[in-house]
Amino acid sequence: MNHLDNETFIAEFQKDLRDNLTRFPEIETVNHMEGLPRNLLNKILAPNPLSIFIPTEYGGRGDKPSDCLSLLEATAYESIAVGLMMGISGSLFLEPVGKYGQDEARRRIFKSFLDTVSLGGLMITEPDFGTDALGMQTSFNESDNCFSLKGSKHWGGLTGLADFWLVTARKEKKNKSLSRDINLFIVEKARPGQKIEVEEYYHKLGLFLIPYGLNKIDVCVPTTSRLIPQTSGVKLMMDLLHRSRLRLSGIGLGFIKRMLDEAIKHCRQRSVSGINLLGYDQVQHRISQLQAWYTINSAMCYYTSRVSGVSENLTSFGLQANSTKAVVTDMMQDAAQSLLQLTGAKGYRRDQIAGRAVALDLLLSARVLLAEEMAELGLVNKVVPGDDVMAESKALALQLAENVSPASMATIKRQVLAESTMTAEGALESSNALMYESLRGADLTEGVMSFLEKRQANFAPLGSGTTFNWMHEERD
Ligand SMILES: Cc1cc2nc3c(=O)[nH]c(=O)nc-3n(C[C@H](O)[C@H](O)[C@H](O)COP(=O)(O)OP(=O)(O)OC[C@H]3O[C@@H](n4cnc5c(N)ncnc54)[C@H](O)[C@@H]3O)c2cc1C
């Protein structure tokens, strides 16, 4: 542990993170299905930012709420996804272990986080139990000084990547039914019998460096790995969830500050019709709105810094925590949309910070989206009244079947899906190669002839007309 004060330590970490994101842009641009490669993760976590969440008596930097918020703010200013990674490991894992863990487990885990690059996460959600989490079916039995846990969990942030997990489960009673209360257990990947198998990694929207997926739980953990609730497990879970939701204000503050700084920088530089963007009323309105959100979020951080210390019991803070999460998420989403608007077409580039942020709201809030809003965000192409769905779908299918080469459709779909994991140069090279292949195929001739002869095109079925190299390779 170096001897910098926490403020300087966080500032240095932020500078380091910025350098890493500049030198290794793939950290943010590539879709890391199974999580960031270890070498990149090591670069980000080398200064040991998570020590901020560890109490001083265990060698950490004190777990003071204002420091935790400052770290989240500094990190989210540079990268919303790295900010979330800190939030998950800090508030969903380290702080609950610090508050409810047994001393033996606490010592070992904090030491591991301080000595090596480590991450932690929380598994509550199950495929059949999301909002109604208390109905979870993951169960545990106690035998021979250990707890054996069995079940299925999904959507735990840092799936497959985290070295430590808090896993929630209900006790199996003698008659095989499950008790009402839940318990939380620390599961340590590196220890025998504690590896959680990832059955599937999920494709996710945005925040590409955080892996999510479906996990099979079949592990045995020592009795010292159980968290000890002050009253009940449900209250323990509410306390930790509320603390983590309040702390989202730190992530919001960093992110909104970045949106504001980017907006001012862009508008200062950009002139449209001979007038600097800052001269337009509408632009001034947007910038003042970003400033207002920044101020509101600062007030939320101030409040959170006062109430969210681990010694506080946040079980009954549902209203404060959930409204903070909802309002901060909305402000972040609106701030990103505003920057997107101000930067014109530039905002639609995925390597531009505003473009990346559109998925943010959906990822953070898991809220209900109405069809119209999905269309507005570009998540669906068209919204039609329920009664017209079949007719509209058939008309579109017919139009594609009659007018487009089946081989081209298959190739375009494949190319678009593959592009999200390619660099810009790679995608350009691959699409040029496919275009040249298509120019040599029979479907091109049929397309041109049908146009000249003013008739319906009659493309051969998939595999019989134009073929592309990838079709032969996949068949082999
Ligand atoms: C990006 C992301 C990260 C996540 N991270 C974690 C994590 O780290 N650990 C973890 O354990 N889980 C995590 N989750 C899972 C998350 O907690 C669940 O997605 C959430 O609890 C909702 O559960 P569900 O997806 O099963 O939705 P469902 O429970 O199926 O709900 C579907 C919709 O119905 C709505 N709904 C439900 N009940 C009602 C009602 N009574 N009235 C009106 N509407 C209702 C919900 O609001 C929701 O919009 C994450 C999810 C996402 C998307």
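**Working through the model**

Tutor: Let's start with Leu71, which sits in helix H4. This is a predicted model, with local features needing pLDDT of at least 70, side-chain atom pairs counting only at pLDDT 80 or more, and totals for chains, interfaces and linings using all residues. Residues are numbered from 1 along each chain as its sequence is written.

Student: How do you get the helix labels?

Tutor: Helices (H or I, at least four residues) and strands (E, at least two) are DSSP runs, numbered from the N terminus. The protein chain comes to 17 helices and nine strands.

Student: Is Leu71 buried or exposed?

Tutor: Leu71 counts as buried, with 28 C-beta neighbours inside 10 Å. The cut-offs are 20 or more other C-beta atoms within 10 Å for buried, 12 or fewer for exposed, and partly exposed in between, with C-beta atoms placed from the backbone.

Student: And which residues does Leu71 touch?

Tutor: Leaving out residues up to four places away in sequence, Leu71 touches Ile10, Pro49, Ile52 and Met86. Contact here means that the C-beta atoms, placed from the backbone, lie within 7 Å.

Student: Switching to H7. What does its span look like?

Tutor: H7 (residues 233-269) has 37 residues, which at 1.5 Å a residue should span 54 Å, and its end C-alpha atoms are 54 Å apart, so the two agree. The expected span is 1.5 Å times one less than the number of residues.

Student: How many of the H7 residues are buried?

Tutor: 27 of the 37, so H7 is largely enclosed by the rest of the structure.

Student: How does H7 sit against H9?

Tutor: The axes of H7 and H9 (residues 318-342) come within 9 Å and cross at roughly 15°. That makes H7 roughly parallel to H9. By class, their contact has 15 nonpolar, nine polar and three charged residues.

Student: Where does Val327 belong?

Tutor: Val327 is in H9. Val327 is partly exposed, with 17 other C-beta atoms within 10 Å. Its C-alpha atom is 9.3 Å from that of Ser249, 78 residues away along the chain.

Student: Last topic: what's the phi of Trp155?

Tutor: About 70°, positive although Trp155 is not a glycine. Most residues other than glycine have a negative phi. Trp155 lies in the loop between strands S3 (146-154) and S4 (164-172).

Student: And Ser273, where's that?

Tutor: Ser273 is in the loop between strands S8 (271-272) and S9 (275-276). Phi of Ser273 is near 55°, again positive. Ser273 is exposed, with 5 other C-beta atoms within 10 Å.

Terms used
Axes are lines fitted to C-alpha atoms, for helices over the stretch in contact, and angles run from 0 to 180 degrees between N-to-C directions. Angles under 35 degrees count as roughly parallel, over 145 as roughly antiparallel, 65 to 115 as roughly perpendicular and the rest as oblique. Ala, Val, Leu, Ile, Met, Phe, Trp, Tyr, Cys and Pro count as nonpolar, Asp, Glu, Lys and Arg as charged, and the others, Gly among them, as polar. Two residues are in contact if their C-beta atoms, placed from the backbone, lie within 7 Å.
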